[in-house]
Amino acid sequence: MASSSSCANQNLATLISLTVILLISPAYSQSCSSQSFANKMLYTQCADLPTLSSTLHWYYDSANSTLAIAFIAPPAKPAGWTSWAINPTGTGMAGAQTLLAYKTSSGAMAVKTFNISSYSSIVPGKLAFDVWDTAAESSGGVFRLFAKVKVKTGQVNHVWQVGPSVIDGFPAKHAFDAPNLQAKGTLTLTGTNAGVTGAGADPKLKDRNIHGILNAVSWGFLFPLGIIIARYIRTFPSADPAWFYLHISCQISAYAIGVAGWATGLKLGRGEYTTHRNIGITLFTFATVQMFALFLRPGKDHKYRLYWNIYHHSVGYAILVLGIVNIFKGLDILNPTNHWKTAYIIAICVLGGIAVVLEILTWIVVLNRRSSKSTKPYDG
């Protein structure tokens, strides 16, 4: 009897919980076909988009090439933003002509347009095509974005996104998790195949990860290790010439791996991440000059050896700094889980700690040598 009562109570609790969830968040439980709008707009077609809990309603008037849309999605945070865009030149965010819905400081909904010519250039202003009847509303934890746009073809590449906040009318950066990176697809407006085709997994994500790993290993670890070997191990006479071959091995390996990473970066980064790309090109140029300078290395007693050393050390330290800075910029772009960034920070800190200890030991050895030479009696 008690068992039956307990089971009944559990079932009742489960039913109540499900009911509360559905009442609190109806927008998440409804498919696009069951959604309606306060502005009484009617759309002939709709689709549940594959990511970010979003849906798209649309009506296409082929007679005057007008596309009316209603984009529905929950923002990343209550004070965040949602956006829908058409990209006339590509399939991703770079080049997208964007409509963005957000709440103003007064709590009213507003719509702004942004021309995203590249990932580093997000410019508010007029789009590449005509847009009118823009509006937005908010209820039930979701934003609804309405607009009419002039399109020239019966098929468009569209992109959608959500973000956490808006500061002075400008959207904060969205997350770079898999659902955000996959928020793109094709919208077919006419014919028997009219509808939405999702982009699926980001085809560049694997290449981006390979690019990041190659450069982290080369410029971010092997190259600093080679510098540590050259600066500190050579201090000990017993390590000569082993230190030189270790140094060369690290630097040539770093350069070879870095070439592969640089090549994948050029393929991936056309028109995107300008600062990261420019630092990478500069870094590769310096490293290439450094490799070729090895063949012009004067002998130890040559009169130009001092100048060669100054050049070699200066360029080497420039590569070190640029490499580490660009790896952190790359981590910000890839936005992996925190433990990857933490792991690299730990690796750099370990190398830095080793360098500090070896710096102290080196100065002790050098000062002891000088002291020994100064106290050695003169044998006339």
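Which residue in β2 is the bridge partner of Cys-46?

**View 1. Pairing of β1 with β2 in the predicted model.** The bridge partner of Cys-46 in β2 is His-57. The strands β1 and β2 run antiparallel and are joined by four bridges.

**View 2. An open sheet of five strands.** The strand order is β1-β2-β3-β9-β8, with antiparallel pairing. The edges are taken by β1 (45-48) and β8 (131-139); each has a single partner strand, so one side of each is left without a neighbour in the sheet. On average, neighbouring strands of this sheet are turned by 15° against each other, direction ignored.

**View 3. The largest nonpolar core, with 29 residues.** Leu-67, Phe-71 and Trp-84 touch the most other members of this core. At least two core residues come from each of β2 (55-61), β3 (66-73), β4 (81-87), β5 (96-103), β9 (142-150) and β10 (155-163). Beyond its neighbours within four places in sequence, Phe-71 is in contact with residues including Leu-49, Leu-56, Trp-84, Phe-143, Leu-145 and Trp-160. Another core, of 18 residues, lies apart from this one; among its members are Ala-254, Ala-287, Ile-324 and Ile-327.

View 4. The side chains of Gln-161 and Asn-180 make a polar contact (2.7 Å). Leaving aside neighbours within four places in sequence, the residues in contact with Gln-161 include Leu-52, Trp-81, Met-93, His-174 and Ala-183. Gln-182 is 21 residues from Gln-161 in sequence, and their C-alpha atoms are 9.6 Å apart in space.

Notes:
Residues are numbered from 1 along each chain as its sequence is written. This is a predicted model: local features need pLDDT of at least 70, side-chain atom pairs count only at pLDDT 80 or more; totals for chains, interfaces and linings use all residues. Side-chain values use heavy atoms; hydrogens and water are left out. A nonpolar core is a set of buried Ala, Val, Leu, Ile, Met, Phe, Trp, Tyr and Cys residues joined through side-chain atoms within 4.5 Å. Buried means under 20% relative accessible area, exposed over 50%, partly exposed in between (1.4 Å probe, protein chains only). Contact means heavy atoms within 4.5 Å. A polar contact is a pair of N or O atoms within 3.5 Å; within protein, one must be able to donate a hydrogen and the other to accept it, and residues adjacent in sequence count only if both atoms are side-chain atoms. Two strands pair if DSSP finds at least two bridges between them. Axes are lines fitted to C-alpha atoms, for helices over the stretch in contact, and angles run from 0 to 180 degrees between N-to-C directions.
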